[in-house]
Every structure is written in structure tokens, then in C-alpha cells.
Amino acid sequence: MEPIQVGLLGIGTVGSGTFQVLARNQEEIRRRAGRGIEITMVADLDVERARALVGDRSKVVADAREVIANPAIDIVVELIGGYGIARQLVLEAIAAGKHVVTANKALLAVHGSEIFAAARDKGVMVAFEAAVAGGIPIIKALREGLTANQIEWIAGIINGTTNFILSEMRDKGLDFADALSEAKRLGYAEADPTFDIEGIDAAHKITLMSAIAFGIPVQFSKAHVEGITSLQSVDIHYAEQLGYRIKLLGITRRLSTGIELRVHPTLVPAKRLIANVEGAMNAVMVQADAVGTTLYYGKGAGSEPTASAVIADLVDITRLHTADPCSRVPHLAFQPDELHATVVLPISEVVTAFYLRLQVADEKGVLADITRILADVDISIDAVLQRESEEGENKTDLIILTHQTPEGKMRAALAKMQSLSTVLAPIVSIRKEELA
Ligand code: NDP
Ligand code: HSE
């Protein structure tokens, strides 16, 4: 059989890895897919660099629309990124009857409903394994491997850049800016790294996993998102003294009242496997009723790890593109007319435990005032640590771990504690999850 023909839009970090891995492993990939898979056209703004990468093995053009217009191309791989031109090109490729593979979580988390609907209308596939956790086949696991289960929650380290930064800060004492520069140099960071450090990239990914796990539409705008930019080394160290590590987690959980969808720095017990995931590695924990807890670990970013997922999608499409569209795995795991409009809970209704750090005057009665405020809103204390503050005499750091409480109550208590004259600096609060 003739090889299936692929057009690649964007040959940067992931595009070049895709080209190289496909060339290197083409024979084994052909034996698995049942026919060859060839990238016969590449579009990139930097035509000279693209030519240098692909040699004479593919036709290189500057205009991505030339690829889409080529009737010989069966699959378009979008590796440009962002919501702008990428959205237009993906929709045009679908309209032209091409299957699409993309690693673009931003695009799918925001415009997924529109894109999947367009693909259904045209009877084509949109595959996106690389969009979540890079090389880890988590989309396949959630959509197919765990299909027997009622998924209860997912918690993941799903941004390599921020996990790399947190590891470098904790282990090597690097400052935030230096660690971020290194992540950029290694090709982990997004074109706009604020997406990484402000938690937006992780929120794109948890939004996609939430939709697949619970059979709801993709709704990034409902996610609660906090990044790591205001995290301080002192809290990383105090957390360690209490037996915890701080990780940027994406969490989604199904409750009888609705669905939690959130990204924020989180204290996790140091003894959990996921707390020991370092550098740019990703890990996703899934709790489901039949199988129990499963954990998926691997490289969440970088050229070839992400290419591994892109090519897996190419093989899937090669195997399935002649199948009746109704027999294919639905984009979001559930049949499109079976998606439920379950409410996404506001963060004030989310229940977690908390780590609090208060810089207080070293006077009698201060701890009593604070514990009374917490007790007044029914928040119970799990542990208290008192440490000399680095910021001068007559000041002390109070570190409090609480039991679980709705966030709304915690916010009310924080406002009251902050107004005490003995509380000398903004209170730091970080959510804590046992992930048991
Ligand atoms: P890069 O910036 O390295 O590559 C994007 C490429 O697209 C560049 O070569 C760029 O050219 C080219 N490009 C930009 N606009 C156009 C256009 N209009 N037509 C054709 N080519 C264009 O990005 P990455 O490879 O890192 O990321 C690609 C996608 O993969 C993104 O959606 C990203 O979120 C996702 N992803 C990335 C991972 C990673 O580890 N890097 C991991 C998982 C997903 P030029 O440089 O000249 O502008
Ligand atoms: N910028 C992303 C990360 C790339 O750091 O995880 C992988 O999606």
C-alpha cells in the first residue's frame, strides 16, 4: 500500500523531533501501522531553517495553506501553537477533509468544542495525545484503558517547566529567573512562558483531562488557575520540615455537587510517589472505582518525547482512517450526544486542607487570637510550627496546617487574621492534598 502522506505545519522543537523520530524508526512504525507514514510537505515561516532540517526528503513551503490545499495530503499535523493562526489552519484542514494531529492544548482547551464539532461534521479525526503530559500516553489511558471505570479524580504534575523550576529552586538553590532561563533553553517552556509559570498551560491540560474523564465539554474558562510566581523558598523549606513537598498540581474531581477544576501550588506528602517527580518530568495520578489508583510518569516536554505522542496519533489515524466514523473512539471518550453539562464548582466551594504562614509579633496571646478565629469558622488545626523569623527580632513565623475546610470559610478566616495588628505581613496560604 502507498504510504499515508502527512503535511507538517511548524517545524520547531516538536516538529523537528517528529520529523527525526519518524525518519529514524520508519520501518518499525510501518510494520505497526500497516503502511508507511511519510511527511511529504512541511510549512514553516523560516523556510531556510526548515530546509536545513528536512533536506530533500520533503517539500518545504512558507505558506501552511499550500499544505492544506494539496489533495495528496491525508493528515495535517499542527505544531505551530497558540490560538490564532493555528485555529484557522486546523479548521481549514478539517474543512478540506484532512485528519488533524495537534500538540496544541491551548487551542483545544479554549476552542475544542468548535473544533471537535467541525471534525465530526466532516467525518475526520482530531488526535491530541501530545497535548497533555508530552510523551506520556495519558489521553489513551483515560479514553480507552480506563473506559470501564467511573473516574473519581485526577491530580497531575502536568507542566514540565514549573516542575523543573521548583526542583532547581529546592535542590540547587537556583533563583526563579535562572531556573526559568534554563527551562527555556532546554525547549520545555511555551513560546510565552507566562503560560507555564502562571499555571495556564497546566490548566489547559487538566481541562482536557477533565472533559475526557467525566464526559463534560472542554471549559477552560471555568478553571481556577494559580501559578508559582508568588511562591517563596521559605515555604518550600517549611513544607519540607513538616514532611511535604510543594508541587504545581492540576486537579479535577467529581463530586455529587459538581466538578472541581483547578491548578495551584499544593503541599503533597513527601512520601507519595508523585511528590518525588523532579525536573521536567510529569506524572498523573488517576483514582477510579474499579482499578483504584494508577500513576503515569514520564517526560512531559521536549522534542522527541512529545514527538513520540504525535507519531502515536499518526499511527492511530493510519490504522483507523478507513473505519466508519461511528466506530472510532470519540474525541472526548464519551459519545458527543452523551456529554453532560455538569456544573464546575467555584473555588469557594472546593474543600481542601491548608498550609498557612503568618509572620506575627512575638507576644503572648497571638496564637490564641489566631486559633480562635479559625475555630469560629469551624476550621480545625492539624499541626503548628513556630520558627524564628528571618526578618528580625520580635517577629516569629507561625506555620499552621489545617484540616479540610471549604475555601470560602478559609478566606473569611484569612481576612480576619490579616486584620489583627499582631499579624505583620501578608499571610501565605497554600492548599494541601493528601492524595491518599
Ligand atoms: P516552536 O515555537 O519551537 O515551533 C513552532 C514552529 O512553528 C516554529 O518553527 C515557527 O516558526 C513555526 N510557525 C509559526 N507560525 C507559523 C505559520 N503561520 N506557518 C508555519 N509555521 C509557523 O514550538 P514547539 O515545537 O515547542 O510547540 C509546538 C506546539 O506543541 C505548541 O502548541 C506547544 O504548546 C506544543 N507542545 C510543546 C511541547 C514542548 O516540549 N515544546 C510539549 C507538548 C506540546 P518561527 O520560529 O520562524 O516563528
Ligand atoms: N511548556 C510545556 C511544559 C510543554 O513545560 O510542560 C509541554 O506541554
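## Ring pairs and a cavity

Phe116 and Phe128 are both buried. Keep in mind that this is a predicted model. The two rings form an aromatic pair, with 5.6 Å from centre to centre and 35° between the planes. The pair counts as tilted. Phe116 sits in helix H6 (residues 105-122), while Phe128 sits in the loop between strand S6 (126-127) and helix H7 (138-145), so the contact ties together parts that are twelve residues apart in sequence.

The structure holds three aromatic pairs. A pair of aromatic rings is described by the distance of the centres and the angle of the planes.

Phe164 and Tyr188 make up another of these pairs. Their ring centres lie 5.7 Å apart and their planes stand at 65°, so this pair is edge-to-face. The cut-off for that class is over 60 degrees. Phe164 belongs to helix H8 (residues 160-172). Tyr188 belongs to the loop between helix H9 (176-185) and helix H10 (194-197). The pair links distant parts of the chain, 24 residues apart. Both Phe164 and Tyr188 are buried.

Now turn to the empty space. Rolling a probe the size of a water molecule over the atoms shows where empty space is left. How many cavities of 30 Å³ or more are there? The count is one. The largest cavity holds about 60 Å³ of space. Its lining consists of Leu166, Ser167, Arg170, Ile236, Arg245, Ile246, Lys247 and Glu278. H8 and strand S9 (244-255) are the elements that give two or more residues to this lining. By class, the lining has four charged, three nonpolar and one polar residue.

Definitions and conventions. Residues numbered from 1 in each chain as written. Chains lettered and ligands numbered in written order. Predicted model: local features only at pLDDT ≥ 70, side-chain atom pairs only at ≥ 80, totals over all residues. Heavy atoms only, no water. Phe/Tyr/Trp six-rings, centres within 6.5 Å; stacked < 30°, edge-to-face > 60°. Helix = DSSP H or I, 4+ residues; strand = E, 2+ residues; numbered from the N terminus. Buried < 20%, exposed > 50% of the residue type's maximum accessible area, 1.4 Å probe, protein only. 1 Å grid on protein atoms, 1.4 Å probe; cavity = no way out; pocket = protein on both sides within 12 Å on 5 of 7 lines; lining within 4 Å. Points joined across faces, edges and corners; volume = space filled by probe spheres on them. Nonpolar A, V, L, I, M, F, W, Y, C, P; charged D, E, K, R; others polar.
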